[in-house]
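Dear colleague,

Please find the structure below, with a summary of the findings after it.

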Amino acid sequence: MSINFAKIDTPALLLDLDKLEKNIDDIASFAKEAVVAVRPHIKTHKSIKIAQRQIEAGAVGLTVAKVGEAEIMVAGGIKDILIAYPLAAKPKLERVKKLMEQAKVIVAVDSVEQADLLEECFDPKNPLNVWIKVNSGLNRVGVDPNEQVVELAQHVKGLSGLRLDGIFTHAGHSYAASSTEEIETIANEEAAAVVTSAELCEAAGIPIPNRSVGSTPTFKIAGTVEGITEIRPGNAVFYDMVQVGLGVAKREQCALTVLSSVVSVKKNRIVIDAGSKTLALDQGAHGNASIAGHGFVKEHPEFVIARLSEEHGVIPVEGTVDVKLNDRLTIIPNHACVVANLFETYLVYRDGKVIDEWKVDARGRLQ
Ligand SMILES: Cc1ncc(COP(=O)(O)O)c(C=O)c1O
């Protein structure tokens, strides 16, 4: 059954509840079989309602990048949060301290200098949980695996305001892979960086019970490696055209779409009311180049959204096309996470009807 789009003002963010539930269940079933915990990254959906569904499906807690996201999720009742970011600024750490009154909070550590700054803010009576972030090839934050991790772990162990019990990594460079085999190699390296580092720490007398890997392209491979205890997929809750381009998901699995209207039909082009402030300009992440245009038009797979200005999307056409003013076009975004952040609400639909509106609660929480 298709929705009566004519009644919906555009641009609008549509969420297919059946697909969302299936994606959440798929992650949960994988984790059950692989015997790993799930700690989804909520930067994709930024929604308390979706986070709660992930917890109901068995997630042990959440991952966030921002203290502001953590604050929203804790206010929504979430009790266990990894802030997967090397926080070092005092005002942010004061906010973390406040959050610790209501939830278990873990913060990423990736240098001795940062660990020392954390130590200044937390005391032994209520220590801050920390996990060491390892660089498994993305070359963003994270200490190099193995010996460098052990050195950092030994330093952290000597700090009474911190409690170290985990090592994690994010293989974001998997987005630049040009084949399934390359994704597999990156996923195995991702898991090895964590497992070997954890084993070396344990050999040095520092227990590392939590060994966590992330990324939607890699989690189903890295999550099966012996010694890994947790996965942190973010995008897999929605999927998008980048994942389709990588061969990680099928178009039918994509739960999030943007509903747009045709605002102008010209001899050689159609213009829609979805521009860069709606679809975002991303055409991939970390070097991915599998994408044509700025999203997939479900009603017209042959269309390419070639150009975006802030409020216009331009689709070049040849000859006559069966599209007129005010027609609705549904677009699977290239990068669902950034698109969700641009909207205030999800229109949640099932069986051809919009049945609810969910807030994008943590949108814009950049600090
Ligand atoms: C630390 C960390 N964990 C997990 C993820 C989730 O990655 P993905 O959206 O590819 O699943 C990210 C994404 O940026 C991340 O930075």
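How many helices and strands does the secondary structure of the protein chain come to? The protein chain has 11 helices and 17 strands, where helices (H or I, at least four residues) and strands (E, at least two) are DSSP runs numbered from the N terminus. With a radius of gyration of 22 Å, close to the 21 Å that the globule rule gives for 367 residues, the protein chain is as compact as a globular protein of that length. The radius is taken over C-alpha atoms, and the rule is 2.2 Å times the number of residues to the power 0.38.

Please note that this is a predicted model, in which local features need pLDDT of at least 70 and side-chain atom pairs count only at pLDDT 80 or more, while totals for chains, interfaces and linings use all residues. Residues are numbered from 1 along each chain as its sequence is written, and side-chain values use heavy atoms, leaving out hydrogens and water.

The C-alpha trace of the protein chain spans about 70 × 40 × 35 Å along its principal axes. Of the 367 residues, 55% count as buried (under 20% relative accessible area, 1.4 Å probe, protein chains only). Among contacts (heavy atoms within 4.5 Å) with a separation of 6 or more, 68% join residues 24 or more positions apart.

Serine 276 lies in helix α10, residues 276-279. Serine 276 is buried, its relative accessible area being 17%. Not counting residues up to four places away in sequence, Serine 276 touches Leu281, Leu308, Ser309, Glu310 and Leu342.

Yours sincerely

Methods: Buried < 20%, exposed > 50% of the residue type's maximum accessible area, 1.4 Å probe, protein only.
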